Every structure is written in structure tokens, then in C-alpha cells.
Amino acid sequence: MERKQFLRTLGTGAAFALTFPCLHGCSSDSDEVIDPKPVPTGVDFTIDLSSAEGAKLQNNGDFIIKDYVVVVKNLEGNFVAASQICSHQQTDGITFKTDNGGYFRCSTHGSTFSQTGTPLNQIGNDVSKPLKIFKTELDGQILRVFE
């Protein structure tokens with residue numbers, strides 16, 4: 001085999017080896033694997049706000065995740081709790097964002113929800129699939145989150 005032919009063969013093979021994985025990964029077929037998780041039920045727990053765990057809820061806009069529940073001290077200083085499991089495709093991507101007065105956002109597909117659980121965008125959501133919101137009750141330094 002001559003050098004020119006060898007380089008041409010190597011170039012084609014190398015180009016194929018480099019582009020095939022990209023073309024396969026960028027295909028329009030939706031092979032995304034979702035590991036759905038159940039929305040929490042029977043939720044009833046407390047957080048001592050004077051503990052190390054509770055200290056993470058000291059400032060407005062702070063949140064923690066406990067037992068697949070996002071517990072938030074919203075921008076007004078009130079406590080709100082929502083399912084960490086998104087109603088769109090049951091992934092555990094819900095967190096709290098402080099932009100625009102505060103809202104819940106799923107990192108999986110970008111679904112957004114108000115603090116009452118109402119969907120704010122159309123990424124797989126409709127009003128029949130709100131984010132589950134839990135009740136909160138503050139008694140001194142003890143915050144109860146329950147259904």
C-alpha cells in the first residue's frame with residue numbers, strides 16, 4: 001500500500017470513528033431514559049429551625065430537600081413545601097428559584113411552577129398536573145410539613 005492511499009484510508013476511518021458517535025448522540029429519536037419516582041405521600045415530619053438542618057432555612061429564599069420534599073423559606077419569609085418529584089415526568093429535579101418572586105423549577109426539562117403548584121410554562125404541563133404542595137405549620141422553632 002502506498003503512503004497516499006494509507007493516509008486516505010486512515011483519514012476516512014478516523015473521520016467515521018469521530019463523527020459516528022456524535023451523529024448517533026444527536027439523533028432526533030427520543031431514547032431518553034427516565035427513572036420515574038413516586039410523588040411523596042403520607043408526608044408528616046418536623047424540622048427544628050434551631051438545629052443544623054433548620055439553619056439552612058434561616059434566610060428568605062433558602063431551601064432544603066428532605067424526604068423528596070422541597071422546604072422553602074420564600075422571599076416573604078413564609079414557609080412553603082412542595083414535592084421534589086416533578087409532575088411532568090416524575091423526576092426528582094424540583095428546586096426553588098428566587099427570580100420573579102420565587103418559583104419551583106425542574107432541572108430535568110425546565111418545567112416551572114408557582115408556589116401554589118400551578119404550572120407556569122408549557123413544558124409537558126397543564127393545569128391538571130400541578131406540582132404537589134404540602135401544608136406547613138410553625139410552632140416556635142418547630143416547622144411541621146404535612147399533608
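Buried means a relative accessible area under 20%, and K66, with a relative accessible area of 18%, is therefore buried. The legends below describe close-up views of a predicted model.

**View 1. The salt bridge between E53 and K66.** The side chains of E53 and K66 meet in a salt bridge, with 3.6 Å from N to O. Because E53 belongs to helix α2 (residues 52–55) and K66 to strand β2 (residues 63–66), the pair ties together parts that are 13 residues apart in sequence. E53 is partly exposed, its relative accessible area being 30%, whereas K66 is buried at 18%. This salt bridge is one of four that a search of the whole structure finds.

**View 2. R144 with D44 and F146.** D44 and R144 form a salt bridge in which the closest N and O atoms are 2.9 Å apart. The pair links distant parts of the chain, since D44 is in strand β1 (residues 44–48) and R144 is in strand β9, 100 residues apart. Both partners count as partly exposed: D44 has a relative accessible area of 47%, and R144 has 28%. R144 also lies over the face of F146, at 4.0 Å from the ring centre.

View 3. Strand β8 (residues 133–139) and strand β9 (residues 142–146) pair in the antiparallel sense over five bridges. Within this pairing, E137 stands opposite R144 in β9. The two strands form a hairpin with two residues between them. In the turn, G140 has a positive phi of about 65°.

**View 4. Strand β8 beside strand β4.** Strand β4 (residues 79–83) runs antiparallel to strand β8, and two bridges join them. A82 has I133 of β8 as its bridge partner.

**View 5. The salt bridge between K132 and E147.** K132 and E147 form a salt bridge, the closest N and O atoms being 2.8 Å apart. The pair links distant parts of the chain: K132 is in the loop between β7 (112–113) and β8, E147 is in the segment after β9, and the two residues are 15 residues apart. K132 is partly exposed, with a relative accessible area of 27%. E147 is also partly exposed, with a relative accessible area of 42%.

**View 6. The aromatic pair of F96 and F104.** A pair of aromatic rings is described by the distance of the centres and the angle of the planes. In this structure the count comes to one aromatic pair. The pair is formed by F96 and F104, whose rings are 5.5 Å apart from centre to centre, with 70° between the planes. Planes over 60 degrees apart count as edge-to-face, so this pair is edge-to-face. F96 is buried, with a relative accessible area of 5%, and F104 is buried at 0% relative accessibility.

**View 7. The surroundings of Y103.** Y103 lies in strand β6 (residues 103–106) and is buried, with a relative accessible area of 14%. Leaving aside neighbours within four places in sequence, Y103 is in contact with T95, F96, K97, T112, F113 and L120. The C-alpha atoms of Y103 and S114 are separated by 5.0 Å, although these residues are eleven residues apart along the chain.

**View 8. K73, a buried residue without a salt bridge.** K73 is found in strand β3 (residues 69–73). This residue is buried yet has no salt bridge. The nearest side chain of opposite charge is that of D62, 7.4 Å away. A salt bridge requires a side-chain nitrogen within 4 Å of a carboxyl oxygen. Apart from neighbours within four places in sequence, K73 is in contact with L57, Q58, N59, N60, G61, D62, N78 and F79.

**View 9. Q90 in the loop between β4 and β5.** Q90 lies in the loop that runs between β4 and β5 (94–97). With a relative accessibility of 28%, Q90 counts as partly exposed. Setting aside neighbours within four places in sequence, Q90 is in contact with D35, P36, K37 and I85. Q90 and T108 are 18 residues apart along the chain, and their C-alpha atoms are separated by 9.7 Å.

Terms used:
Residues are numbered from 1 along each chain as its sequence is written. This is a predicted model: local features need pLDDT of at least 70, side-chain atom pairs count only at pLDDT 80 or more; totals for chains, interfaces and linings use all residues. Side-chain values use heavy atoms; hydrogens and water are left out. Rings of Phe, Tyr and Trp (its six-membered ring) pair if their centres lie within 6.5 Å; planes under 30 degrees apart count as stacked, over 60 as edge-to-face and the rest as tilted. Buried means under 20% relative accessible area, exposed over 50%, partly exposed in between (1.4 Å probe, protein chains only). A charge sits over a ring if NZ of Lys or CZ of Arg is within 6 Å of the ring centre and within 35 degrees of the ring normal. Helices (H or I, at least four residues) and strands (E, at least two) are DSSP runs, numbered from the N terminus. Lys and Arg count as positive and Asp and Glu as negative; His and the chain ends are not counted. Contact means heavy atoms within 4.5 Å. Two strands pair if DSSP finds at least two bridges between them.
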